Each structure stands twice: as C-alpha cells, then as structure tokens.
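Keep the structure open and find each residue as its name comes up.

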Amino acid sequence: MTEKTYGFDTLQIHAGARPDPATGARQTPIYQTTAFCFRDAEHAAALFNLQEVGYIYSRLTNPTVSVLQERVATLEGGAGAVCCSSGHAAQIMALFPLMGPGDNVVVSNRLYGGSVTQFSQTIKRFGWEAKFVDIDKKGEISKACTKRTKAIFCESIANPGGHIADLPMIAKVAEAKGVPLIVDNTSATPWLCRPIEHGATLVVHSLTKYMTGNGTVTGGVVVDSGKFDWTAAGKHPSLTDPEPAYHGLKFHETFGPLAFTFHGIAVGLRDLGMTMNPQGAFLTLLGIETLSLRMERHVANAKKIAAWMEEHDLITEVTYAGLKSSPSFRRMKMICPKGAGALFTARLKGGYDACTRFIDNLDLFSHVANLGDARSLVIHSASTTHRQLSDEQRERAGAANDMVRFSIGIEDADDLIADIDQALKAAHG
Ligand SMILES: *Cc1c(COP(=O)(O)O)cnc(C)c1O
C-alpha cells in the first residue's frame with residue numbers, strides 16, 4: 001500500500017496494518033508474548049547489532065505496538081514513532097536523547113498541570129532544568145535560550161485553557177537556536193493539527209485521551225519528523241557521537257532520519273523500560289480507526305455547548321478558542337482550521353461553592369480527572385487537582401475557584417446542554 005496517497009480517513013484504519021502473515025487475521029492481533037524465537041545464532045546476532053530489524057523482546061519491540069507506531073507516525077506525517085506507557089513517559093522519552101545533566105529545555109507556561117510538575121520539579125533529579133516562558137512572546141523565548149538549551153516544548157492547543165500556540169513563529173525561533181521544537185498534540189490530535197507541517201521536530205501524545213478515545217488505555221507516543229539535522233546543530237551528542245550506551249554506535253550516521261526513533265527503542269525503551277503493552281496498543285488501534293469521526297462530533301458539540309454557555313446568565317466567562325469572542329479564534333484558523341478541540345473552562349457565578357454544587361448535580365457528565373473520552377467529563381480543579389495551591393496560584397494556573405473544566409463528549413449536544421442547565425439551576429437553587 002502506497003500510504004502517502006491516501007486520505008486521513010483511510011490511513012487511520014489502514015496505516016501500518018496488513019493481514020497477519022501467519023493466519024490471515026484481518027484485525028491486528030494482540031501479540032501477547034514477551035520474547036520472539038531467533039531463526040538461528042546468526043539471526044540473533046544481526047538483530048542485536050541492529051543490522052536487521054526484527055523482534056527480540058517486548059520491552060523493546062512488539063508487532064502489535066509496531067503497527068500503532070507506524071499508524072501514528074503516518075497520521076502525524078513523521079518518519080518514525082516510539083510508543084510508551086503514558087503521555088508523561090513520552091515527554092521523558094522525547095527529552096532523554098537530547099538532554100544531559102546541566103542542560104535545559106525552554107517550555108511554555110501554558111501546559112497540562114501534570115506536565116508543569118514534571119518539568120518544574122521531577123526532571124531536576126536528572127540534572128535537567130525547565131525554563132518557563134510566555135510562548136506568545138518571541139523575544140522572551142529567544143532570550144531564555146542559552147548554550148545549554150536542547151529543546152523548546154509547548155502544547156498545540158493548551159490543556160485546559162484552549163490557548164493555541166503560534167507554531168510557525170516558535171519553530172522559527174527553535175531553528176535559529178539550533179534546537180528541536182517538541183509539540184504536545186494531545187488536545188488537538190493529528191486530525192485537527194499536524195505540528196510537523198508547522199515546523200515541529202518531535203510530536204508527543206498522551207494516547208490515553210482522544211487517540212484511544214474511550215478511557216480504557218494509558219499510553220503515549222513520540223513521533224519524529226526525521227527532518228532535524230542533529231549533526232549540523234552539534235548540540236545532541238547522544239544522536240551524533242558514539243553512544244556509550246549502545247557500544248559506540250553513531251545513531252545519526254547509521255540511521256539518518258530514523259536516528260531519533262532507533263535511539264528511542266535501542267536505548268530509551270531498553271534502559272528506561274517505559275514500554276506500552278500489546279493489549280493497550282490494540283485498544284488504541286481500535287480507537288484510532290474512528291478518530292476523525294469522533295473529533296468532528298467532539299468539535300461540533302463543543303462549539304454548540306460553548307456558544308450556549310457564553311449566553312447563560314449564571315456563567316461569567318467561557319474560554320474556548322472556537323468562539324468568535326476568543327482571542328485565539330484567528331490563530332485557530334491558521335493552526336487548526338477544523339476546530340479548537342472539545343476542551344474548555346467556564347467561570348460560574350457563585351464561586352467555589354456554586355461549582356461544587358454544580359458538579360454534584362450533573363447527571364450525564366462524569367466528575368473525573370481525565371479528558372478526551374467519548375463520554376462528557378467535568379472537573380472542578382480548585383477542589384481536586386489544584387487543591388493544595390493558594391487562591392492566587394490557582395488563578396495563575398487557570399484553575400480559579402469559580403472555574404470548571406469541561407471535556408465535551410460525543411453524546412447528543414442537546415442532552416448535554418439540558419444537563420448543564422439543570423445543574424446550574426440546582427447549584428443556585
Ligand atoms: C493527560 C495529558 C498528559 C499526560 O498523559 P498521561 O497519559 O496521563 O501520562 C500530557 N499532556 C496533556 C496535554 C495531557 O492532556
């Protein structure tokens with residue numbers, strides 16, 4: 001199959017998959033096996049030397065996971081991809097070949113809460129530093145970059161505020177500084193936005209969200225565009241110089257545009273072990289088969305509901321880039337013209353107490369710490385994920401006391417509107 005010539009709807013079903021060579025099974029089988037038999041000693045040696053591509057042990061590679069890797073790489077327009085155990089694992093896997101102790105990454109200050117903690121606290125244990133910037137300000141990004149900056153990181157559509165990043169501008173700064181741009185495309189998915197087309201080098205996803213789309217899997221992926229010249233930049237020795245963790249192999253020289261992908265498997269998965277399991281990969285493949293259909297409905301529902309909420313007496317503000325009133329609306333037309341996703345926040349009259357009463361009175365919406373499910377989800381961040389912060393810190397983090405985060409599902413929009421309406425009334429009872 002010459003995949004480049006097919007449209008998105010075709011590729012989301014077929015890319016990477018072929019009938020099982022052993023049985024003819026049409027759906028991709030779950031290869032629930034830890035190890036794979038070598039044909040003979042010579043075959044084993046070739047595999048371990050990376051002279052032949054094949055399966056050794058499922059911590060590194062597995063046929064079910066490989067299909068998913070090829071599918072996501074194709075949908076994102078990348079050269080290769082490495083799946084891993086979660087979205088957060090994908091972020092570490094993306095930085096791991098680039099960073100060493102004393103190095104830093106310049107990151108947007110509009111990020112998923114868990115990513116803020118990972119970058120501001122946990123990566124310090126590796127001797128890495130994150131420098132937070134306003135990703136809209138070209139000068140601020142530029143100024144934050146030092147000799148030890150190894151990457152720039154942002155979200156295409158930021159979770160939960162819906163801010164859309166000016167990817168071409170950020171990519172230009174990254175290029176001038178000789179560093180890759182890493183884009184977290186979780187909230188957008190490749191159906192709404194393909195960051196590589198806007199200049200991104202690497203794309204990471206939490207497959208947990210829209211890609212699987214039904215709240216059954218925890219998974220992640222790193223996609224490499226294959227376009228970054230690691231040698232010219234001379235800043236990423238793990239990819240250009242003899243890699244001591246793989247008996248002196250030079251990844252860029254040996255694998256060209258697949259250097260990052262091979263390093264991710266041969267060193268990253270081998271030594272960090274953040275592997276995706278074949279069962280999870282299978283469920284994600286099933287989810288991706290309907291990605292465009294689901295995203296189209298997610299966006300249509302979110303637009304209708306956000307517009308209705310914006311007019312509601314008991315709601316003071318709705319931050320959704322798909323609304324004409326949003327400051328991100330014009331940028332949406334450039335970066336993700338099919339829509340701004342289905343994630344937004346709203347401020348409710350009556351503050352903290354009205355929000356918790358609202359949440360408790362919803363019937364259809366589930367109160368959970370997740371997003372991107374076929375089901376509509378909601379969370380009051382101030383009383384849950386951002387509980388330990390002060391009022392001022394909550395406000396800055398986009399988790400103010402009067403703010404509720406909505407992840408709009410693919411149910412009937414009118415049923416969701418009726419549910420929100422009755423819960424708002426009950427909250428003000
Ligand atoms: C959920 C999420 C993550 C983390 O993904 P996990 O699969 O939960 O580890 C990272 N970035 C964004 C934007 C997310 O929504």
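**From salt bridges to the ligand**

D373 is buried, because its relative accessible area is 7%. Remember that this is a predicted model. Buried means a relative accessible area under 20%. Now look for the partner of D373. The side chain of D373 meets that of R375 in a salt bridge, with N and O 3.1 Å apart. R375 sits at 42% relative accessibility, so R375 counts as partly exposed.

Some bridges share partners. R110, D134, D136, K137 and R331 are joined in this way into one network. Side chains of opposite charge can pair when their charged atoms come close. How many salt bridges does a search of the whole structure find? The count is 17.

Go next to R347 and D402. Their side chains form a salt bridge, with a distance of 3.0 Å from N to O. R347 belongs to strand β9, residues 343–348, and D402 to the loop between α17 (391–396) and β12 (403–407), so this pair ties together parts that are 55 residues apart in sequence. Are R347 and D402 buried or exposed? Both are buried.

K250 and E253 make another salt bridge. Their closest N and O atoms are 3.8 Å apart. A salt bridge needs a distance within 4 Å, so this pair counts. K250 is partly exposed, because its relative accessible area is 32%. E253 has 62% relative accessibility, so E253 counts as exposed.

Now for a charged residue without such a partner. R71 lies in helix α3, which spans residues 63–76. R71 is buried, yet R71 has no salt bridge. Which side chain of opposite charge is nearest to R71? It is that of E289, 4.7 Å away. What does the side chain of R71 have beside it instead? A polar atom of that side chain lies 2.8 Å from the backbone oxygen of A15. The backbone oxygen of I13 is 3.1 Å from a polar atom of the R71 side chain.

Turn to the ligand. How many residues surround it? There are 14, and the closest are G87, D184, S206, T208 and K209. The shell is made up of two nonpolar, nine polar and three charged residues. Helix α4, residues 87–95, gives the most to this shell, with three residues.

Look at the oxygen atoms of the ligand. A polar side-chain atom of T208 is 2.6 Å from one oxygen atom of the ligand. In the side chain of S206, an N or O atom lies 2.8 Å from a ligand oxygen. H88 uses its backbone: an N or O atom there is 2.9 Å from an oxygen atom of the ligand. How much of the ligand does the protein cover? On its own, the ligand has 380 Å² of accessible area, and the protein covers 92% of that.

Next, check the backbone angles. Most residues other than glycine have a negative phi, and most peptide bonds are trans. T189 is not a glycine, but its phi is positive, near 65 degrees. T189 is placed in helix α8. T189 is buried, because its relative accessible area is 0%. H247 also has a positive phi, about 30 degrees, although H247 is not a glycine. Where does H247 lie? H247 is in the loop between α10 (237–240) and α11 (251–255). With a relative accessible area of 58%, H247 is exposed.

E243 is found in the loop between α10 and α11 too. E243 is buried, because its relative accessible area is 7%. Along the chain, E243 and H263 are 20 residues apart, and their C-alpha atoms are separated by 9.3 Å.

End at T186. T186 is in the loop between β5 (181–184) and α8 (189–192). Its relative accessibility is 8%, so T186 counts as buried. How far apart in space are T186 and A17? They are 23 Å apart, C-alpha to C-alpha, and 169 residues apart in sequence.

Technical notes. Residues are numbered from 1 along each chain as its sequence is written. This is a predicted model: local features need pLDDT of at least 70, side-chain atom pairs count only at pLDDT 80 or more; totals for chains, interfaces and linings use all residues. Side-chain values use heavy atoms; hydrogens and water are left out. A residue is near a molecule or strand if one of its heavy atoms lies within 4 Å of it. A polar contact is a pair of N or O atoms within 3.5 Å; within protein, one must be able to donate a hydrogen and the other to accept it, and residues adjacent in sequence count only if both atoms are side-chain atoms. Accessible areas come from the Shrake-Rupley method with a 1.4 Å probe; for residues, only the protein chains shown count as cover. Helices (H or I, at least four residues) and strands (E, at least two) are DSSP runs, numbered from the N terminus. Ala, Val, Leu, Ile, Met, Phe, Trp, Tyr, Cys and Pro count as nonpolar, Asp, Glu, Lys and Arg as charged, and the others, Gly among them, as polar. Buried means under 20% relative accessible area, exposed over 50%, partly exposed in between (1.4 Å probe, protein chains only). Lys and Arg count as positive and Asp and Glu as negative; His and the chain ends are not counted.
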